Amino acid sequence: MDIYQFAEYIVINYGYFGIFLIAFTEAVIQPVIPDIFIIGAAAFGLDSITCAFVASFGSLTGGYTGYFLGKKLGTDTFLKIFKEKNFTRGKDFFERFGVWGVAIAGFTPIPYKVFAWLAGIFKMNLLSFGAGTLLGRIPRFLLVAYFGYSLGVLFGLHAP
């Protein structure tokens, strides 16, 4: 099954819930970013804005799960899963940028899950963590969803 078929399968069979689930699990541990599913969903006709907000909410709740895992399981477990290189880089970045680091990680390809866990390890304020997550994730997922919608129109997958 190629990526087109897989994206179509997820959208047709799971819709918004599939997007939520992928975004949630990516924010905790798994490596597959939700962007491809958001693109596919929007390209195949699901509402782009709803896709972006469902993914943002999934990422936020997954991020809070990662936060609590980091807080509960601590540095040793983080190092086993994400390795010391990621801890050192993440710690330096986190200390330098704080809540803006979470926003940057949420918007860019920097592994967001690493920052979710580190926010818990460093006991970042929960509201600040949530705000940073949404500041990064909502604009990213809106852009991704718009791109998917545009591809859908371009390739005739749905009407404009």
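**Exercise 1. Find which residues Arg137 touches beyond its sequence neighbours, and describe where Arg137 sits.**

Solution. Setting aside residues up to four places away in sequence, Arg137 touches Glu26, Ser56, Ser59, Gly106 and Tyr112, where contact means heavy atoms within 4.5 Å. This is a predicted model, in which local features need pLDDT of at least 70 and side-chain atom pairs count only at pLDDT 80 or more, while totals for chains, interfaces and linings use all residues. Residues are numbered from 1 along each chain as its sequence is written, and side-chain values use heavy atoms, with hydrogens and water left out. Finally, Arg137 counts as buried because its relative accessibility is 1%, buried meaning under 20% relative accessible area (1.4 Å probe, protein chains only).

**Exercise 2. Identify the side chain with which the side chain of Arg137 makes a polar contact, and describe that partner.**

Solution. The partner is the side chain of Ser59, at 2.9 Å; a polar contact is a pair of N or O atoms within 3.5 Å, and within protein one must be able to donate a hydrogen and the other to accept it, while residues adjacent in sequence count only if both atoms are side-chain atoms. Ser59 lies in helix H3 (residues 48-97), and Ser59 counts as buried because its relative accessibility is 0%. Leaving aside neighbours within four places in sequence, the contacts of Ser59 include Ala23, Phe24, Ala27 and Phe141.

Notes. Buried < 20%, exposed > 50% of the residue type's maximum accessible area, 1.4 Å probe, protein only. Helix = DSSP H or I, 4+ residues; strand = E, 2+ residues; numbered from the N terminus.
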